[in-house]
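Please work through the following exercises on salt bridges with the structure at hand. Each task is followed by a worked solution.

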Amino acid sequence: MSTTEPPEVPDDASGATQASDALLGLLGPADIRELAAVLGVRPTKQRGQNFVIDANTVRRIVRTAGVRPDDVVVEVGPGLGSLTLALLEAAEHVTAVEIDDILAAALPRTIEARMPARAGHFSLVHADAMQVRELPGPTPTALVANLPYNVAVPVLLHMLEHFPTIERTLIMVQAEVADRLAAAPGNKVYGVPSVKANWYAEVKRAGAIGRNVFWPAPNVDSGLVSLVRRAKPLTTTASRTEVFAVVDAAFAQRRKTLRAALAGWAGSAPAAETALVAAGVSPQARGESLTVEEFARIAESKGAVA
């Protein structure tokens with residue numbers, strides 16, 4: 001899981017590029033601001049709304065995601081539709097999940113107005129993504145989204161859990177979150193998001209995004225994270241819930257040794273030590289040094305030594 005980043009994209013598209021974007025149906029800075037004004041939309045911090053205003057950036061996201069003509073893409077938090085339109089150019093179908101009442105009502109009209117030939121390849125789900133358990137139309141093969149910073153990890157894990165047909169994911173998140181998701185064992189930012197994401201997929205950083213491609217510009221940098229679902233699920237007799245319980249316990253007190261941190265989970269410190277030894281993990285180790293496979297072995301061992 002690498003954290004190497006390619007150079008940032010330019011923060012502003014040229015006038016010529018913006019003109020061509022209009023012909024292609026993509027949204028430029030003026031389009032975004034005009035559309036927001038017409039709708040009376042003011043981006044809110046509560047929902048982490050920062051709209052992408054640079055067509056070069058959304059093209060780059062689609063390209064980095066490896067979206068194919070036969071892909072069915074689910075997008076969470078489409079906002080005013082910048083990324084949605086770029087996805088519709090490349091994919092067979094796009095299903096957008098939007099919680100905001102005004103944005104959800106406006107997006108189908110935007111698609112119809114700017115890309116009418118692709119409108120029949122678009123579906124909207126007006127809901128909180130954390131409550132979505134099924135989607136209309138064909139099953140999704142990819143997840144591509146500019147996720148709100150405040151809910152990025154829960155939404156990502158929810159979608160990966162409930163939609164196992166999602167093979168490839170590319171999300172744009174706060175740079176700090178991107179680092180945590182892609183961190184390897186031993187890295188100082190390796191933690192719960194790193195392990196849980198790795199339960200489902202191979203995770204890596206896929207680039208950096210400048211602040212000025214957003215409106216309003218956030219006060220943090222953003223990063224792209226690529227997740228490719230494991231070809232074969234992790235081999236373990238423990239359930240996802242059981243493994244995640246170990247992960248949560250280990251990092252709830254990450255400065256403590258696993259013998260101490262897992263005492264509550266196991267019932268006592270000696271019971272934790274017994275489970276750790278049975279799993280082939282040092283009781284003096286800390287959670288930040290363990291792979292997801294080792295966490296799975298610990299979850300298995302609790303039942304074996306009970």
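The exercises below concern a predicted model.

**Exercise 1.** State how many helices and strands the protein has, and how many salt bridges a search of the whole structure finds.

Solution. The protein contains 13 helices and nine strands.

**Exercise 2.** Determine which parts of the chain the salt bridge between Glu161 and Arg240 ties together.

Solution. Begin with the distance: the closest N and O atoms of Glu161 and Arg240 are 3.0 Å apart, and a salt bridge requires them to lie within 4 Å. Next, locate the partners: Glu161 belongs to helix H6 (residues 152-162) and Arg240 to helix H9 (residues 240-252), so the bridge ties together parts 79 residues apart in sequence. Finally, consider accessibility: Glu161 is partly exposed at 33%, and Arg240 is partly exposed at 25%.

**Exercise 3.** Is Lys196, the partner of Asp248 in a salt bridge, buried or exposed?

Solution. The side chains of Asp248 and Lys196 meet at 2.9 Å, N to O. This pair links helix H9, which holds Asp248, to helix H8 (residues 192-200), which holds Lys196, across 52 residues. Lys196 has a relative accessible area of 11%; because buried means under 20%, Lys196 is buried. Asp248, at 36%, is partly exposed.

**Exercise 4.** Identify the helices joined by the salt bridge between Glu273 and Arg259.

Solution. The closest N and O atoms of this pair are 2.5 Å apart. Glu273 lies in helix H12 (residues 269-278) and Arg259 in helix H10 (residues 258-261), so parts 14 residues apart in sequence are tied together. Glu273 is partly exposed at 30%, and Arg259 is partly exposed at 27%.

Conventions:
Residues are numbered from 1 along each chain as its sequence is written. This is a predicted model: local features need pLDDT of at least 70, side-chain atom pairs count only at pLDDT 80 or more; totals for chains, interfaces and linings use all residues. Side-chain values use heavy atoms; hydrogens and water are left out. Helices (H or I, at least four residues) and strands (E, at least two) are DSSP runs, numbered from the N terminus. Buried means under 20% relative accessible area, exposed over 50%, partly exposed in between (1.4 Å probe, protein chains only).
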